[in-house]
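Reader: I would like to learn how to read a few features of a protein model, taking each one as a general idea and then as a case. Could we begin with the backbone and then move on to rings, cores and sheets?

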Amino acid sequence: MKLVILTKDVKSETVERLSAEMTKTGGEVYAVNLEGAYLKDNKIFNIDDKKGFEISPQDTVVAVRGSITLKDSYLDLLSQIEKRKIMTVNNRLCNEICADKFRTSIILDEAGIAQPKTALIAIGDNIKTNYPEQAFNKLDTKFPVILKTLRGAKGIGVLLIESMQALESTTQLLYKLDESSDLLLQEYIKSDFDIRVHVLNGEIIGVMQRNVPDDDFRSNYAQGATTEKYKLSKKEEEVALAAANAVSGYWVGVDFIPNKGNPLVLEVNSSAGTEGIEQTIGSSINRKVIKTITNSDNWIKAKTAIGVREIFEFDLFGKMKAKLDTGNSVKTLVMHADDLVVKNDKVTFTSHGREYTMKLYGIKKIRLNGDNGLEERPMVMLDFTFNGVIHKNVTFTLDDRSTKTTEVLVNKDWMIDNSFIIDPSLMYTLGEL
């Protein structure tokens, strides 16, 4: 198994811990510095690496750190990986949601998850409009309030505002420094601590209480907060899992205030650090993550809509029309072949006017429609390209499909395994033959 880590800091604590745990399993690790990284064919490259690292949907998982959202080009690299049907933790959607605190707030609200009241501050040049005051009035609260940049991590970009004068001057200063800055205002709920919950593939794998320092209002471990163990109530477990699911998170950190039994979610982090929580709970979060994400049974890949007819391209045979059949439960794909002859461990057949002899991987008994009983078909292993992705060693049965409109028949299991969903309105998304 192979692990690729996308990050701007290949020496970070979590990257090194993930790498160490992966190495213990005997797997390969490739840490990618996002700046200048690129994909070519079936390899990913660091900018200074001419050899590259081979990746495939069958044996590769990609761990994504928070710096992925710093540039669109970084996110586009992630999209290219997802297009290749490679498992990503987390996917682009989750990273984009969690990077935008107000978008997170909207999605959590739609999921019925309680959180502090939040308002987006509209910033502009109209001096007659008091934008901060408008946002404050929407909260229907009293000072102090929390002012946040829309993007930020480890407590950076979070300010406690004590008055309207402070709110206006701070907002004006931030706008002066960066006219593209986005700010939001949030109700301040005093608490001596908050809770960080690590959720992995729908399960809680670690919990810690983060205590607010005496000289600060933030509880981030990176800002010097002390931590201790914490036992979740049933309701808190449900809220943490619901928040992770709402943002499409596979491995996320959910932060909340207990709020006297009515937890309020503060944030969902798509790239939660592990150093603090591992020290607190006395066990390895990274080991649990590696064990889970390297098991292909646990993979959830980004789904792609495809048509009822598509084009598969074989190195040997060229392009073929394929029918994608969600009602087909046969465990192999089917390809048209003429003049089939099976002898010993070989099968000979004709395709597009040329004769081929291949290794026989077995005989598949296919139940035919109606009362026609079983039909035996030879099986071969073939490589083909679809939607820009090379699919290697795929099992096909060979059959005479001369009366059909397509040369290839695709079963539902292959579509599920590769995260394709059928859009009946689409056909030949890669173009006609």
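Reader: Where does Asn90 lie, and which residue does a cis peptide bond join to Asn90?

Author: The general idea is that most peptide bonds are trans, and most residues other than glycine have a negative phi. In this predicted model, Asn90 lies in the loop between strand 7 (87-89) and helix 3 (92-99), and the cis peptide bond joins Val89 to Asn90, with omega at about 5 degrees. A cis bond is also found from Phe143 to Pro144, where omega is near 5 degrees, and Pro144 has its place in the loop between helix 5 (131-139) and strand 9 (145-149).

Reader: What is the phi of Lys85, and is Lys85 buried or exposed?

Author: Lys85 is not a glycine, yet its phi is positive, at about 65 degrees. This lysine belongs to the loop between helix 2 (72-83) and strand 7, and Lys85 counts as buried because its relative accessibility is 1%, where the cut-off for buried is under 20%. Asn259 likewise has a positive phi, of about 55 degrees, without being a glycine. Asn259 is in the loop between strand 15 (251-257) and strand 16 (264-269), and with a relative accessible area of 29% Asn259 is partly exposed.

Reader: Which residues is Asn269 in contact with, once its neighbours within four places in sequence are left aside?

Author: Asn269, which has its place in strand 16, is in contact with Cys98, Arg196, Val252 and Gly253 when those neighbours are left aside. Its relative accessibility of 17% makes Asn269 count as buried. Distance in sequence and distance in space are separate quantities to read for a pair such as Asn269 and Ile161, which are 108 residues apart in sequence and 24 Å apart in space, C-alpha to C-alpha.

Reader: Turning to rings, how many aromatic pairs does a search of the whole structure find, and why is the pair of Tyr38 and Phe45 called stacked?

Author: In general, a pair of aromatic rings is described by the distance of the centres and the angle of the planes. The search of the whole structure finds 18 aromatic pairs. For Tyr38 and Phe45 the ring centres are 4.8 Å apart and the planes stand at 5 degrees, so this pair is stacked. Tyr38 counts as partly exposed, at 35% relative accessibility, whereas Phe45 counts as buried, at 7%.

An edge-to-face case is the aromatic pair of Phe317 and Tyr356, with 5.0 Å from centre to centre and 85 degrees between the planes. This pair links distant parts of the chain, 39 residues apart, since Phe317 is in the loop between strand 18 (309-314) and strand 19 (318-324) while Tyr356 is in strand 23 (residues 354-359). Phe317 counts as buried at 7% relative accessibility, and Tyr356 counts as buried at 10%. Both belong to a cluster linked by ring pairs, whose members include Phe312, Phe314, Phe396 and Trp414.

Reader: What sits over the ring of Phe53?

Author: The charged end of Lys2 sits over that ring, 5.5 Å from the centre of the Phe53 ring.

Reader: Which residues touch the most other members of the largest nonpolar core?

Author: That core has 27 residues, and Phe312, Phe314, Met335, Phe396 and Trp414 touch the most other members. Strand 25 (residues 374-386) gives the most to this core, with 4 residues. Not counting residues up to four places away in sequence, Phe314 touches Met320, Met335, Leu382, Asp383, Phe384, Phe396 and Val408. There is also a second, separate core of 22 residues, with Ile107, Val207, Ala240 and Ala246 among them.

Reader: Finally, in what order do the 3 strands of the open sheet stand?

Author: The order is 21-22-23, and the pairing is antiparallel. Strand 21 (338-343) and strand 23 stand at the edges with a single partner strand each, so one side of each is left without a neighbour in the sheet. From one strand to the next, the twist averages 15 degrees. Strand 21 and strand 22 (residues 346-351) run antiparallel and are joined by 4 bridges, and Val341 stands opposite Thr348 in strand 22.

Note on methods
Residues are numbered from 1 along each chain as its sequence is written. This is a predicted model: local features need pLDDT of at least 70, side-chain atom pairs count only at pLDDT 80 or more; totals for chains, interfaces and linings use all residues. Side-chain values use heavy atoms; hydrogens and water are left out. Rings of Phe, Tyr and Trp (its six-membered ring) pair if their centres lie within 6.5 Å; planes under 30 degrees apart count as stacked, over 60 as edge-to-face and the rest as tilted. Buried means under 20% relative accessible area, exposed over 50%, partly exposed in between (1.4 Å probe, protein chains only). Helices (H or I, at least four residues) and strands (E, at least two) are DSSP runs, numbered from the N terminus. A charge sits over a ring if NZ of Lys or CZ of Arg is within 6 Å of the ring centre and within 35 degrees of the ring normal. A nonpolar core is a set of buried Ala, Val, Leu, Ile, Met, Phe, Trp, Tyr and Cys residues joined through side-chain atoms within 4.5 Å. Contact means heavy atoms within 4.5 Å. Two strands pair if DSSP finds at least two bridges between them. Axes are lines fitted to C-alpha atoms, for helices over the stretch in contact, and angles run from 0 to 180 degrees between N-to-C directions.
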